[in-house]
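Please consult the sequence and coordinates alongside the points below.

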Amino acid sequence: MEGVGYVGGNSGNEIRFAGNLILGITRLRERSNGKGGVICLTWQSDFLFYFRPEIPVGLMNSKKSISAEWSDDLKGGKAVHLSGIFDQLSYKVRKALFTEYVKSSFSTTHCTLKSEGENTVDMHFLIQSIKRNVPIAQPDKSMNVFENSKSQVALQEQKDIYLLPTVCVSNLLHTDIHVFLSESDGHPTTVSDNHRNQSTISCGSMVEFYTNPSIIFFTITLTGFDSTCKPVNSSDWVKKLLKQKNDVPSVDIDLDFGGGKYSATLRLSRGSRGTLEAAIFTSYSLKNDTEFGLCFFVPNKRPLSRDEAENYGSSIPSEFGLYLPPKSTRSWFLKSNKERLKLLKDNASETLIDLDALSGLAEISLETEEGAGIRSITKLGVSTGPPLSKVVVPSQVVTMVPRHVVINESGENIIVRQCYLQNDTVGMIPVNSKQRAPLQLWNVINKKRDVSLFEHVMKKHRKANDDSPIYLQFRLNESKLGWSGPVCIASLGRFFLKFKRQQLDQVTALESNVTEFAYVHLVEEGSTLGLHFHKPPNVSLPYRIENCLPDVSITYYQKDSSEPEIIGSESCTDYVWDDLTLPHKLVVRINDSLLLREINLDKMRSWKPFYKTRQWSGLATHLPLRKDLGDKKGDFGEFNGMEMMKVGFEVYADGPTRVLRFCEISTSHKGDKMFHSCEKIQLRVNQFTIHLLEHEKQASSSITR
């Protein structure tokens, strides 16, 4: 077929189409927006046409020339009843927009192929005819052009005829397959000159076949395992479908390989154009989206050792299980959906996975004994979802990804370590700028000691995944700043970090900017928890401290912390908590007095005096300063006669930032300055409920909201 023909006329006209079968249909498909070879006809009665394919030399891998006969005469206005599996599977026409009447009918025809010294074979086609009513203007020649624009519109019947292949086979397995379609249960002959009804299909590909639709034998071979299933006769399923009273859109057929050791499924359905679509798939596919290999074994089999698995590589026999290299996907052919998962390492633990029980997101842990009382913990996030294919099949892709990933969004290199390990050298993970790295966790076991009977019983009944929260610390690489405070990897949200220099005196603390800030945004990305490190912060910091007192310095530190900071007179500084696990209260001391006060920065309050008249003896008198700060009293001036009761503080909001302000009452914020709104907001209440309550001693009702 060499083009798209548009013909209009009376009954008795004939249309002939000759062209290359495969290349010609491809050209037609490109010209008709992927709809295949289409002939658009506007006809008032029946019409007749026939065609034949033109097959170039070598197109069908044949050394001999192949010629094609003309097809039988086709009546465009008459539908032909289809037999076989085509008639038993339901098909629904996809109606176009704004089309009230659409009717689809099917028929088949074949063209006989002849080869020198060979028996003749038939190439079958599926013909779809779609009939619709289209509006056509009927101008009156007696009227002028302006009046013709208002002429009446009549509906006339239009037929679109599509020449299609009979069968389309899709390979949804993650391995190559060889497909042979025939009219008998004969075995495929890969060395045959005629390759029209057999083909090797790669993963995710689709091949069209022109075979007899009335009876089809499907023979599938897994090329990677050199195993062929028993031929599937479509006629056997026709008898079963005849007993069904309701429409059957598809049928699933089990395919056994290797004597029943592993299996796949063949789904037969009608495509959008009525072609018989055959899809080969497995119920589950396993995807390894990590940087290390994973081994899956059946529960009743001995797992392969590391050397054995490496010798087999990715071609581990299916009866033993499956090896998934990094960034790879494999089909699960075993009939049992329960499997054991382990890392390809010596002394690695195993975990049992039931594929049928997986739903949504899950987390699994794999431990490996590293020696010297150290165990590495690899946490994986597991998710399930449908495969990415145009053919809808009941299959799930089980994806395994690193559970925790550190993403360095800053322009500096950083180092991440796990907190509270007895060995500080374990668990250091460098992450370069604009890079990401999976998080490797560790468990350092205490040295041998006497264990009581109670501890032994509790350890025995403790759940394997019942571990305490894990915290991380961050540090800037090639910097003199220390480690940040701990961040829990099990909590979602934004956590601010502080980096400070160590061993500083008061003069250096006031004259140098020795504190830098960053934050970690922990978000859930599918089954992965991503720790995004940002420096400098691109959002407002949570707290700010303002010292509006002249000639007065203020020392402050987080409660239960031992890292005091100093702010000079008439200055301000940003602040975040040193340790998020400690109480969120700030301990403050003015000048070198021994009187301390705890302030809650998260609670807004109006101005109040710092010193209370009757609490001089009740205030704490201990400040965890280092010894080198003890002899520096008086370096920042005294009160200079200021009345102590005029010194106070207030906490107000400046957008998302809480501001702790030390000042006199005359310079404090007023009530109308406590909150400054930058934009107007609109509040919409979707539901509003009123409850009518009747008191026991009152006859009237009251309304509460």
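Strand 43 pairs with strand 44 (residues 597–599) in the antiparallel sense over 3 bridges; strands, like helices, are DSSP runs numbered from the N terminus (strands E, at least two residues; helices H or I, at least four), and two strands pair if DSSP finds at least two bridges between them. The model is predicted: local features need pLDDT of at least 70 and side-chain atom pairs count only at pLDDT 80 or more, whereas totals for chains, interfaces and linings use all residues. Residues are numbered from 1 along each chain as its sequence is written, and side-chain values use heavy atoms, with hydrogens and water left out.

**Strand 43 and its partners**
- Strand 40 (residues 554–558) runs antiparallel to strand 43 and is joined to it by 5 bridges; Val-587 is the bridge partner of Tyr-557.
- Because 5 of the 5 residues of strand 43 (residues 586–590) are buried, this strand is largely enclosed by the rest of the structure; buried means under 20% relative accessible area, exposed over 50%, and partly exposed in between (1.4 Å probe, protein chains only).
- Leu-586, Val-588 and Ile-590 point one way from strand 43, while Val-587 and Arg-589 point the other way.

- An open sheet is formed by 4 strands in the order 22-21-24-25, with antiparallel pairing.
- Strand 22 (321–324) and strand 25 (350–354) stand at the edges with a single partner strand each, so one side of each lacks a neighbour in the sheet.
- Strand 21 (residues 294–297) is joined to strand 22 by 4 bridges, and Phe-297 stands opposite Gly-321.

**Helix 4**
- Ser-234, Val-238 and Leu-241 are buried in helix 4 (residues 234–242).
- Seen down the axis of helix 4, the buried residues fall within an arc of 70°, so they line one face of the helix; the arc is that of the directions from the helix axis to the C-beta atoms.
- These buried residues pack against helix 2 (85–88) and strand 16 (232–233), where contact means heavy atoms within 4.5 Å.

**Cysteines**
- The structure holds 0 disulfides, a disulfide being a pair of cysteine sulfur atoms within 2.5 Å.
- Cys-663 is in no disulfide, and the nearest cysteine sulfur, that of Cys-548, is 5.7 Å away.
- Cys-663 is buried at 0% relative accessibility, whereas Cys-203 is partly exposed at 38% relative accessible area.
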